[in-house]
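Biologist: I have a model open and want to learn how to read it. Can we take it feature by feature?

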Amino acid sequence: MFGHPMSLMSNRLSWLRNEMDQLFNEVLPGWARPEVRFDEYPALNLWEDEGNFYLEAELPGFKVDDLDLAALDRQFTIRGERKVEAHEDWTCHRQERACGPFSRTIELPAAVEPEKVQAAFKHGVLTMTLPKAEDAKPRRIEVKAIEKK
Amino acid sequence: MNMEMTKSRERRNIGQVESIRQGPSFLPAADIYEDTEAYRVWLDMPGVDPKEIDINFEQGTLSVWGKVPPRHTERAKILSSEYGVGDFRRTFNLTDSIDAGGIRAEYDDGVLYLMLPKVEAARPKKIAVRSK
């Protein structure tokens with residue numbers, strides 16, 4: 001008999017696990033990897049100053065071409081898909097990074113000017129500057145003193 | 001399984017206050033694969049300055065620390081904050097022997113990739129059968 005009985009056992013368990021994975025993958029393709037949840041991905045942080053909203057999302061592993069951004073009035077939509085290479089012939093120890101398509105729409109507190117939205121993407125962090133529509137900006141109201149006759 | 005996490009919390013948005021540093025740090029989500037040559041690790045670490053990534057491998061323990069510079073401190077008013085911003089830290093124990101000198105790391109689009117080659121003795125070997 002070669003090897004420790006426990007290592008034989010562990011080999012058999014890992015074989016069983018692989019078989020189970022394969023079976024599940026046939027019935028429910030992609031079950032093993034946490035699919036992106038449509039209602040909450042990506043998490044967004046939102047700031048504002050007088051003229052702009054600033055929206056930020058962490059999207060590691062995405063390319064600019066994987067993302068689709070759209071602004072209309074008060075609505076902002078971000079869509080995309082993360083592709084993760086499949087490594088079927090490798091042993092998998094952890095698979096926590098989400099993949100797949102997502103779409104999220106949020107309602108901004110005020111209307112923005114869609115054609116002036118700017119987006120920057122660096123080290124997996126997407127930062128968007130959304131200028132507020134003219135009539136959504138706070139206005140300074142000049143008070144004129146009326147001369148008394 | 002040859003690789004074990006020393007920390008089991010997997011959601012990176014669970015803030016974890018480190019006592020030795022200011023500010024929270026987060027567990028990066030990880031994909032870990034093994035082939036005959038090496039372990040291959042991908043860690044989601046958005047917003048990290050590539051020059052500020054510490055990777056240590058000592059006595060079978062791999063630790064990664066990616067420093068995240070603060071963002072938007074000057075911006076006026078927070079309307080909604082769904083995730084925290086802070087450093088990424090994670091530690092892994094590897095039982096197989098790793099050739100520490102051959103470890104390679106790349107950071108791209110917010111993802112850290114680590115290639116940890118196995119020492120020759122830990123790689124599977126084909127044994128030739130001779131016949132007379």
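Biologist: Which strand does β3(A) pair with, and how do the two run?

Modeller: Two strands pair if DSSP finds at least two bridges between them. Here six bridges join β3 (residues 67–72) of chain A to β4 (residues 75–82) of chain A, and the strands run antiparallel. Opposite L67(A) stands G80(A) in β4(A). The two strands form a hairpin with two residues between them. In that turn, D73(A) has a positive phi of about 55°. Helices (H or I, at least four residues) and strands (E, at least two) are DSSP runs, numbered from the N terminus.

Biologist: What should I know about the source and numbering?

Modeller: This is a predicted model: local features need pLDDT of at least 70, side-chain atom pairs count only at pLDDT 80 or more, and totals for chains, interfaces and linings use all residues. Residues are numbered from 1 along each chain as its sequence is written, chains are lettered from A and ligands numbered from 1 in the order in which they are written, and side-chain values use heavy atoms, with hydrogens and water left out.

Biologist: How much area do chain A and chain B bury between them?

Modeller: The size of an interface is often given as the accessible area lost when the parts come together. Buried area is that loss (1.4 Å probe), summed over both parts. Chain A and chain B bury about 3,600 Å², 50% of it on carbon and sulfur atoms. On the chain A side, H93(A), R94(A) and R97(A) lose the most area, together 22% of what that side buries. Contact (heavy atoms within 4.5 Å) takes in 36 residues from chain A and 40 residues from chain B.

Biologist: How many salt bridges cross that interface?

Modeller: A salt bridge is a side-chain nitrogen of Lys or Arg within 4 Å of a carboxyl oxygen of Asp or Glu. Nine cross between chain A and chain B; the count over all chains is 19. D109(B) forms one with K63(A), the closest N and O atoms being 2.5 Å apart. D109(B) lies in the loop between β10 (104–108) and β11 (111–117) of chain B, and K63(A) in the loop between β2 and β3 of chain A. Another joins D44(B) and R97(A), at 2.8 Å from N to O.

Biologist: Which strand of chain B does β5(A) join?

Modeller: Four bridges join β5(A) to β4 (residues 30–34) of chain B, antiparallel. R94(A) has I32(B) as its bridge partner there.

Conventions: Buried area is the accessible area (1.4 Å probe) that two parts lose on being put together, summed over both.
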